[in-house]
Amino acid sequence: MSDPELVYFDKIGTLEAWNSDGLRSLIKTIKVPNMIEKTLRYPGTIEYLRVLRDTGYFSSEEIEVSGKKVRPIDLTSKLLFPKWKLKPGEREFTVMRVEVEGIENGLNKRFTYDLYDEFDVKTEITSMARTTGYTCTAVANILLKGKYLRKGMNPPEYIGRNEECFQFIFNYLKDRGVTYSVK
């Protein structure tokens, strides 16, 4: 929960952001001097998580409670996961911002791409399913149609480097109401 900052999004307002670990293959496949991934949540989340962490609720070391050994993380998971589970029809949204800056043709450039998506009331498909599941089915369609032929292990960014594949995914999402805006 390091390097916290507040980030504003249209339609949502201000969210809290902190460093997280999810870049995985990008660190090795894209040559850039600096990359940061941040988790976005409502303001106050960092403090809430710090209190839980600092009081030991995320510890994997067993403690004794009423004569029984228990790992605090197991108790925390058992208590919190049901509270965090979406109820049928519950509305949620997904938001993402990708910022790219660097030098292009000798000029400083900065591009910002925002994704905002909501629960689809008509289909009752969650935003998370729409933004992640639809991307996966787009890639499955690319493979089924023979549009991507590279063999072996392929991280997602390899598929995105192929302009035809990138446009296919982008249009596949757009056709399902998942859109990006460019600033």
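At 38% relative accessibility, E104 counts as partly exposed (buried is under 20% relative accessible area, exposed over 50%, partly exposed in between; 1.4 Å probe, protein chains only). The model is predicted: local features need pLDDT of at least 70 and side-chain atom pairs pLDDT 80 or more, while totals for chains, interfaces and linings use all residues. Residues are numbered from 1 along each chain as its sequence is written, and side-chain values use heavy atoms, without hydrogens and water.

**Exercise 1.** Identify the residue with which E104 forms a salt bridge.

*Solution.* 
1. The criterion is a side-chain nitrogen of Lys or Arg within 4 Å of a carboxyl oxygen of Asp or Glu.
2. E104 meets it with K109, the closest N and O atoms being 3.7 Å apart.
3. K109 is partly exposed, at 33% relative accessibility.

**Exercise 2.** Determine which side chain makes a polar contact with that of E157.

*Solution.* 
1. E157 is buried and has no salt bridge; R161, the nearest side chain of opposite charge, is 6.1 Å away.
2. The side chain of S25 makes the polar contact, at 2.8 Å (N or O atoms within 3.5 Å, one able to donate a hydrogen and the other to accept it; residues adjacent in sequence count only if both atoms are side-chain atoms).

How values were computed:
Lys, Arg positive; Asp, Glu negative; His and termini not counted.
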